[in-house]
Amino acid sequence: DDKGLEQHLILWVGEPFKSQTNKLNIAFYPDEKACLIALFNWLREYDPDVIIGWNIVQFDLKVISELSDKHRIACDLGRGERPISWREDTSNNRYYLHIPGRVALDGIELLKTANYQFESFKLDTVAQALLGEKKLLQGPSSGEEITRLYYEDPAFLAKYNLLDTELVSRIFSRAQLIEFAIERSRLTGLPLDKMGGSVAAFEFSYLPRLHRKGFIAPNLGEQTLALTSPGGYVLDSTPGLYKNVLVLDFKSLYPSIIRTFNIDPYSFWRGLHDTGDKDIANWTPGFMGAYFDKHHHILPDIIKHLWQ
(Lines give C-alpha, C1' and ligand atoms only; values in the text may rest on other atoms or scores of the structure.)
Protein backbone atom coordinates (compact mmCIF):
# COMPACT_ATOMS: atom_id res chain seq x y z
CA ASP A 1 0.00 0.00 0.00
CA ASP A 2 1.05 3.65 0.17
CA LYS A 3 3.05 2.96 3.35
CA GLY A 4 5.17 0.27 1.76
CA LEU A 5 3.53 -2.69 3.49
CA GLU A 6 2.69 -5.62 1.25
CA GLN A 7 0.41 -7.35 3.73
CA HIS A 8 -0.29 -7.69 7.42
CA LEU A 9 -1.82 -10.27 9.70
CA ILE A 10 -2.77 -10.00 13.36
CA LEU A 11 -2.76 -13.26 15.33
CA TRP A 12 -5.10 -13.08 18.32
CA VAL A 13 -5.58 -15.48 21.22
CA GLY A 14 -9.13 -15.23 22.49
CA GLU A 15 -12.76 -14.97 21.48
CA PRO A 16 -13.50 -13.34 18.10
CA PHE A 17 -14.73 -9.75 18.25
CA LYS A 18 -16.13 -7.29 15.76
CA SER A 19 -14.10 -4.30 14.64
CA GLN A 20 -15.22 -1.13 12.90
CA THR A 21 -12.87 -1.79 10.02
CA ASN A 22 -12.19 -4.90 7.99
CA LYS A 23 -8.63 -3.69 7.30
CA LEU A 24 -7.30 -5.16 10.56
CA ASN A 25 -7.16 -8.69 9.10
CA ILE A 26 -7.32 -10.58 12.40
CA ALA A 27 -7.04 -14.36 12.71
CA PHE A 28 -8.43 -15.74 16.00
CA TYR A 29 -7.13 -18.78 17.87
CA PRO A 30 -8.45 -20.51 20.97
CA ASP A 31 -5.12 -20.75 22.82
CA GLU A 32 -1.41 -19.89 22.74
CA LYS A 33 -0.35 -23.19 21.18
CA ALA A 34 -2.68 -22.89 18.22
CA CYS A 35 -1.56 -19.29 17.73
CA LEU A 36 2.13 -20.23 17.75
CA ILE A 37 1.58 -23.03 15.25
CA ALA A 38 -0.23 -20.57 12.98
CA LEU A 39 2.66 -18.11 13.30
CA PHE A 40 5.23 -20.70 12.31
CA ASN A 41 3.06 -21.90 9.41
CA TRP A 42 2.75 -18.30 8.18
CA LEU A 43 6.52 -17.84 8.40
CA ARG A 44 7.11 -20.92 6.27
CA GLU A 45 4.60 -19.71 3.69
CA TYR A 46 5.69 -16.05 3.54
CA ASP A 47 9.36 -17.03 4.00
CA PRO A 48 10.99 -13.70 4.94
CA ASP A 49 14.77 -13.28 4.80
CA VAL A 50 14.74 -10.67 7.57
CA ILE A 51 12.62 -10.37 10.71
CA ILE A 52 12.64 -6.82 12.10
CA GLY A 53 11.35 -5.35 15.33
CA TRP A 54 12.02 -3.18 18.36
CA ASN A 55 14.05 -4.97 21.03
CA ILE A 56 13.01 -8.02 19.03
CA VAL A 57 15.71 -10.44 20.19
CA GLN A 58 15.78 -9.52 23.88
CA PHE A 59 11.98 -9.54 24.19
CA ASP A 60 9.65 -10.58 21.34
CA LEU A 61 11.53 -13.59 19.96
CA LYS A 62 12.67 -14.61 23.43
CA VAL A 63 9.04 -14.71 24.59
CA ILE A 64 8.01 -16.69 21.50
CA SER A 65 10.83 -19.16 22.14
CA GLU A 66 9.85 -19.59 25.81
CA LEU A 67 6.18 -20.08 24.90
CA SER A 68 7.20 -22.73 22.37
CA ASP A 69 9.13 -24.55 25.07
CA LYS A 70 6.17 -24.22 27.42
CA HIS A 71 3.83 -25.86 24.89
CA ARG A 72 6.46 -28.37 23.74
CA ILE A 73 6.46 -27.39 20.10
CA ALA A 74 9.43 -26.56 17.90
CA CYS A 75 10.20 -22.84 17.64
CA ASP A 76 10.22 -22.94 13.83
CA LEU A 77 11.54 -19.46 13.10
CA GLY A 78 14.20 -20.73 10.70
CA ARG A 79 14.27 -22.37 7.31
CA GLY A 80 14.48 -26.07 6.60
CA GLU A 81 13.08 -27.09 9.99
CA ARG A 82 16.50 -26.45 11.55
CA PRO A 83 16.42 -25.45 15.23
CA ILE A 84 17.22 -21.95 16.40
CA SER A 85 19.94 -21.51 19.01
CA TRP A 86 20.37 -19.03 21.86
CA ARG A 87 23.53 -17.79 23.52
CA GLU A 88 23.46 -15.85 26.79
CA ASP A 89 26.13 -13.35 27.76
CA THR A 90 25.97 -13.28 31.55
CA SER A 91 28.30 -10.28 31.74
CA ASN A 92 25.62 -7.96 30.36
CA ASN A 93 22.47 -10.12 30.65
CA ARG A 94 21.96 -10.16 26.88
CA TYR A 95 20.80 -12.93 24.58
CA TYR A 96 22.01 -13.64 21.06
CA LEU A 97 19.91 -15.59 18.59
CA HIS A 98 20.87 -17.62 15.52
CA ILE A 99 18.02 -18.32 13.11
CA PRO A 100 19.01 -20.72 10.30
CA GLY A 101 18.35 -19.10 6.92
CA ARG A 102 17.11 -15.80 8.33
CA VAL A 103 18.34 -12.86 10.38
CA ALA A 104 16.60 -10.88 13.12
CA LEU A 105 17.45 -7.18 12.99
CA ASP A 106 16.66 -4.94 15.95
CA GLY A 107 15.92 -1.29 15.21
CA ILE A 108 17.42 -0.08 18.48
CA GLU A 109 20.75 -1.87 17.92
CA LEU A 110 21.03 -0.72 14.31
CA LEU A 111 20.28 2.92 15.14
CA LYS A 112 22.90 2.89 17.87
CA THR A 113 25.44 1.26 15.56
CA ALA A 114 24.68 3.92 12.93
CA ASN A 115 25.43 6.60 15.59
CA TYR A 116 21.89 7.97 15.88
CA GLN A 117 21.23 9.93 19.07
CA PHE A 118 17.81 10.34 20.71
CA GLU A 119 16.50 11.37 24.12
CA SER A 120 15.72 7.67 24.49
CA PHE A 121 15.45 4.71 22.14
CA LYS A 122 11.82 3.96 23.01
CA LEU A 123 9.75 3.36 19.89
CA ASP A 124 7.51 6.35 20.60
CA THR A 125 10.48 8.73 21.01
CA VAL A 126 12.24 7.57 17.85
CA ALA A 127 9.02 7.56 15.82
CA GLN A 128 8.32 11.17 16.80
CA ALA A 129 11.88 12.22 15.95
CA LEU A 130 12.17 10.45 12.58
CA LEU A 131 8.56 10.22 11.40
CA GLY A 132 6.66 12.86 13.36
CA GLU A 133 4.25 10.13 14.53
CA LYS A 134 3.23 8.73 17.90
CA LYS A 135 2.12 5.39 19.30
CA LEU A 136 -1.57 5.07 20.11
CA LEU A 137 -0.84 4.64 23.83
CA GLN A 138 1.26 7.12 25.77
CA GLY A 139 2.68 7.21 29.28
CA PRO A 140 4.33 4.83 31.72
CA SER A 141 1.13 2.92 32.57
CA SER A 142 0.72 1.46 29.07
CA GLY A 143 1.27 -2.09 30.39
CA GLU A 144 -1.79 -1.92 32.61
CA GLU A 145 -3.71 -0.16 29.85
CA ILE A 146 -2.91 -2.96 27.39
CA THR A 147 -4.33 -5.55 29.80
CA ARG A 148 -7.48 -3.48 30.24
CA LEU A 149 -7.91 -3.01 26.50
CA TYR A 150 -7.53 -6.74 25.86
CA TYR A 151 -10.73 -7.35 27.81
CA GLU A 152 -12.64 -4.09 27.26
CA ASP A 153 -11.63 -2.77 23.82
CA PRO A 154 -9.74 -5.46 21.88
CA ALA A 155 -10.27 -3.73 18.53
CA PHE A 156 -8.34 -0.67 19.74
CA LEU A 157 -5.60 -2.92 21.08
CA ALA A 158 -5.32 -4.61 17.68
CA LYS A 159 -4.94 -1.20 16.04
CA TYR A 160 -2.30 -0.28 18.63
CA ASN A 161 -0.26 -3.41 17.93
CA LEU A 162 -0.56 -2.97 14.16
CA LEU A 163 0.58 0.66 14.33
CA ASP A 164 3.62 -0.36 16.39
CA THR A 165 4.75 -2.74 13.63
CA GLU A 166 4.09 -0.09 10.97
CA LEU A 167 6.16 2.47 12.88
CA VAL A 168 9.05 0.02 13.09
CA SER A 169 8.81 -0.69 9.36
CA ARG A 170 8.72 3.00 8.46
CA ILE A 171 11.67 3.79 10.76
CA PHE A 172 13.69 1.05 9.03
CA SER A 173 12.75 2.57 5.68
CA ARG A 174 13.38 6.20 6.66
CA ALA A 175 16.78 5.48 8.22
CA GLN A 176 17.63 2.86 5.55
CA LEU A 177 18.60 0.44 8.31
CA ILE A 178 18.55 -2.73 6.23
CA GLU A 179 20.67 -1.04 3.55
CA PHE A 180 23.01 0.15 6.31
CA ALA A 181 23.30 -3.39 7.72
CA ILE A 182 24.09 -4.80 4.26
CA GLU A 183 26.77 -2.19 3.52
CA ARG A 184 28.27 -2.63 6.98
CA SER A 185 28.43 -6.39 6.41
CA ARG A 186 30.22 -5.86 3.09
CA LEU A 187 32.79 -3.60 4.74
CA THR A 188 33.43 -5.71 7.82
CA GLY A 189 32.73 -9.29 6.72
CA LEU A 190 30.46 -9.72 9.76
CA PRO A 191 26.92 -11.17 9.61
CA LEU A 192 24.08 -8.68 9.20
CA ASP A 193 22.94 -9.12 12.80
CA LYS A 194 26.42 -8.87 14.36
CA MET A 195 26.71 -5.51 16.11
CA GLY A 196 30.08 -5.97 17.84
CA GLY A 197 33.17 -7.76 16.59
CA SER A 198 35.62 -4.92 15.98
CA VAL A 199 38.62 -7.29 16.08
CA ALA A 200 37.05 -9.67 13.54
CA ALA A 201 36.13 -6.70 11.32
CA PHE A 202 39.71 -5.41 11.46
CA GLU A 203 41.16 -8.80 10.56
CA PHE A 204 38.72 -9.14 7.65
CA SER A 205 39.98 -5.84 6.23
CA TYR A 206 43.66 -6.12 7.10
CA LEU A 207 44.77 -9.74 6.72
CA PRO A 208 43.89 -10.22 3.01
CA ARG A 209 45.89 -7.10 2.16
CA LEU A 210 48.80 -8.42 4.22
CA HIS A 211 48.60 -11.79 2.45
CA ARG A 212 48.74 -10.08 -0.98
CA LYS A 213 52.08 -8.60 0.05
CA GLY A 214 53.39 -12.10 0.75
CA PHE A 215 53.21 -12.02 4.56
CA ILE A 216 51.18 -13.70 7.29
CA ALA A 217 50.39 -12.31 10.73
CA PRO A 218 51.40 -14.04 13.97
CA ASN A 219 48.67 -15.74 15.97
CA LEU A 220 47.50 -14.21 19.20
CA GLY A 221 50.13 -14.93 21.86
CA GLU A 222 52.96 -15.48 19.39
CA GLN A 223 54.12 -11.87 19.47
CA THR A 224 57.67 -11.82 20.84
CA LEU A 225 58.19 -8.06 21.10
CA ALA A 226 58.14 -6.66 24.62
CA LEU A 227 57.41 -3.19 23.23
CA THR A 228 54.25 -1.60 24.60
CA SER A 229 52.80 1.86 24.18
CA PRO A 230 52.41 3.97 27.32
CA GLY A 231 49.14 5.47 26.10
CA GLY A 232 48.02 9.05 26.62
CA TYR A 233 48.63 11.13 29.71
CA VAL A 234 45.52 12.02 31.69
CA LEU A 235 45.71 14.99 34.06
CA ASP A 236 44.26 14.63 37.54
CA SER A 237 41.14 16.73 37.98
CA THR A 238 40.56 19.31 40.69
CA PRO A 239 36.96 18.89 41.89
CA GLY A 240 34.83 22.02 42.08
CA LEU A 241 32.48 24.31 40.19
CA TYR A 242 33.95 26.46 37.40
CA LYS A 243 32.75 29.17 35.04
CA ASN A 244 33.56 29.66 31.37
CA VAL A 245 34.71 26.10 30.72
CA LEU A 246 35.86 25.44 27.15
CA VAL A 247 36.11 21.82 25.97
CA LEU A 248 38.08 21.04 22.80
CA ASP A 249 38.12 17.61 21.18
CA PHE A 250 39.94 16.35 18.11
CA LYS A 251 37.71 14.62 15.57
CA SER A 252 38.79 10.99 15.05
CA LEU A 253 42.09 11.53 16.87
CA TYR A 254 43.55 8.02 16.64
CA PRO A 255 42.72 7.46 12.95
CA SER A 256 44.19 10.89 12.18
CA ILE A 257 47.42 10.01 14.02
CA ILE A 258 47.63 6.68 12.19
CA ARG A 259 47.29 8.37 8.79
CA THR A 260 49.65 11.24 9.62
CA PHE A 261 52.51 9.11 10.94
CA ASN A 262 51.92 5.95 8.80
CA ILE A 263 51.42 3.82 11.90
CA ASP A 264 50.86 0.27 10.78
CA PRO A 265 51.95 -3.26 11.84
CA TYR A 266 53.34 -4.03 8.39
CA SER A 267 55.30 -0.76 8.02
CA PHE A 268 56.55 -1.22 11.62
CA TRP A 269 57.83 -4.72 10.75
CA ARG A 270 59.65 -3.27 7.74
CA GLY A 271 61.29 -0.73 10.05
CA LEU A 272 62.46 -3.46 12.41
CA HIS A 273 64.08 -5.50 9.64
CA ASP A 274 65.51 -2.76 7.43
CA THR A 275 69.17 -2.28 8.34
CA GLY A 276 69.74 0.78 6.16
CA ASP A 277 69.72 4.43 7.15
CA LYS A 278 66.31 5.73 8.24
CA ASP A 279 66.19 9.00 6.31
CA ILE A 280 63.22 11.27 6.98
CA ALA A 281 62.07 11.08 3.36
CA ASN A 282 61.20 7.38 3.64
CA TRP A 283 60.70 6.70 7.35
CA THR A 284 58.62 8.19 10.17
CA PRO A 285 60.31 7.88 13.58
CA GLY A 286 58.08 6.53 16.35
CA PHE A 287 58.04 5.48 19.99
CA MET A 288 61.13 3.84 21.56
CA GLY A 289 63.17 3.73 18.36
CA ALA A 290 60.40 2.40 16.13
CA TYR A 291 60.23 3.45 12.48
CA PHE A 292 57.30 3.33 10.09
CA ASP A 293 57.73 3.01 6.33
CA LYS A 294 56.15 6.04 4.62
CA HIS A 295 55.64 4.27 1.30
CA HIS A 296 54.78 0.68 2.25
CA HIS A 297 51.87 0.38 4.67
CA ILE A 298 48.30 -0.95 4.88
CA LEU A 299 46.33 0.55 7.76
CA PRO A 300 46.49 4.24 6.71
CA ASP A 301 44.97 3.33 3.33
CA ILE A 302 42.17 1.32 4.98
CA ILE A 303 41.32 4.30 7.18
CA LYS A 304 41.39 6.65 4.18
CA HIS A 305 38.95 4.36 2.34
CA LEU A 306 36.61 4.10 5.34
CA TRP A 307 36.80 7.85 5.89
CA GLN A 308 35.64 8.49 2.35
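Among the contacts in this chain between residues at least 6 apart in sequence, 59% join residues at least 24 apart. Keep in mind as you browse that the model is predicted. The secondary structure comes to 11 helices and 8 strands.

Let us turn to the overall dimensions. The radius of gyration of the chain is 27 Å, whereas a compact globule of 308 residues would have one near 19 Å. Taken along the principal axes, the box filled by the C-alpha atoms is roughly 85 × 60 × 40 Å. Of the 308 residues, 32% count as buried. The chain exposes about 21000 Å², and carbon and sulfur atoms supply 54% of that area. As for charge, there are 34 positive and 40 negative charges, and their mean positions are 3 Å apart.

Strand S3 covers residues 50–53 and runs parallel to S6, with 4 bridges joining them. Within this pairing, isoleucine 51 stands opposite alanine 104 of S6, and glycine 53 stands opposite aspartate 106 of S6. Now compare the faces of each strand. Strand S6, residues 103–106, is covered on both faces. Val103 and Leu105 lie on one side of S6, Ala104 and Asp106 on the other, and all of these are buried.

Another aspartate to visit is in a helix. Aspartate 164 lies in helix H6, which spans residues 154–174. Its relative accessible area is 15%, and because buried means under 20%, aspartate 164 counts as buried. Leaving aside neighbours within four places in sequence, aspartate 164 is in contact with Leu123 and Lys135.

Tyrosine 46 also belongs to a helix, in this case H1, residues 32–46. With 34% relative accessibility, tyrosine 46 counts as partly exposed. Glutamate 15 is 31 residues away from tyrosine 46 along the chain, and the C-alpha atoms of the two are separated by 26 Å.

Asparagine 25 has a phi near 50°, a positive value in a residue other than glycine. This asparagine sits in the loop between strand S1 (10–13) and strand S2 (26–29). Its 40% relative accessibility makes asparagine 25 partly exposed. Methionine 288 is not a glycine either, yet has a positive phi of about 50°. You will find methionine 288 in the loop between strand S7 (283–285) and strand S8 (291–293). Since exposed means over 50%, the 59% relative accessibility of methionine 288 places this residue in the exposed class.

Our last stop is serine 237, in the loop between helix H8 (198–212) and helix H9 (253–261). Serine 237 has a relative accessibility of 65% and so counts as exposed. From there, look across to asparagine 262, 25 residues apart from serine 237 along the chain. The C-alpha atoms of serine 237 and asparagine 262 are separated by 33 Å.

Terms used: Residues are numbered from 1 along each chain as its sequence is written. This is a predicted model: local features need pLDDT of at least 70, side-chain atom pairs count only at pLDDT 80 or more; totals for chains, interfaces and linings use all residues. Side-chain values use heavy atoms; hydrogens and water are left out. Helices (H or I, at least four residues) and strands (E, at least two) are DSSP runs, numbered from the N terminus. The radius of gyration is taken over C-alpha atoms; the globule rule is 2.2 Å times the number of residues to the power 0.38. Buried means under 20% relative accessible area, exposed over 50%, partly exposed in between (1.4 Å probe, protein chains only). Contact means heavy atoms within 4.5 Å. Accessible areas come from the Shrake-Rupley method with a 1.4 Å probe; for residues, only the protein chains shown count as cover. Lys and Arg count as positive and Asp and Glu as negative; His and the chain ends are not counted. The place of a charge is taken as NZ of Lys, CZ of Arg, CG of Asp or CD of Glu. Two strands pair if DSSP finds at least two bridges between them.
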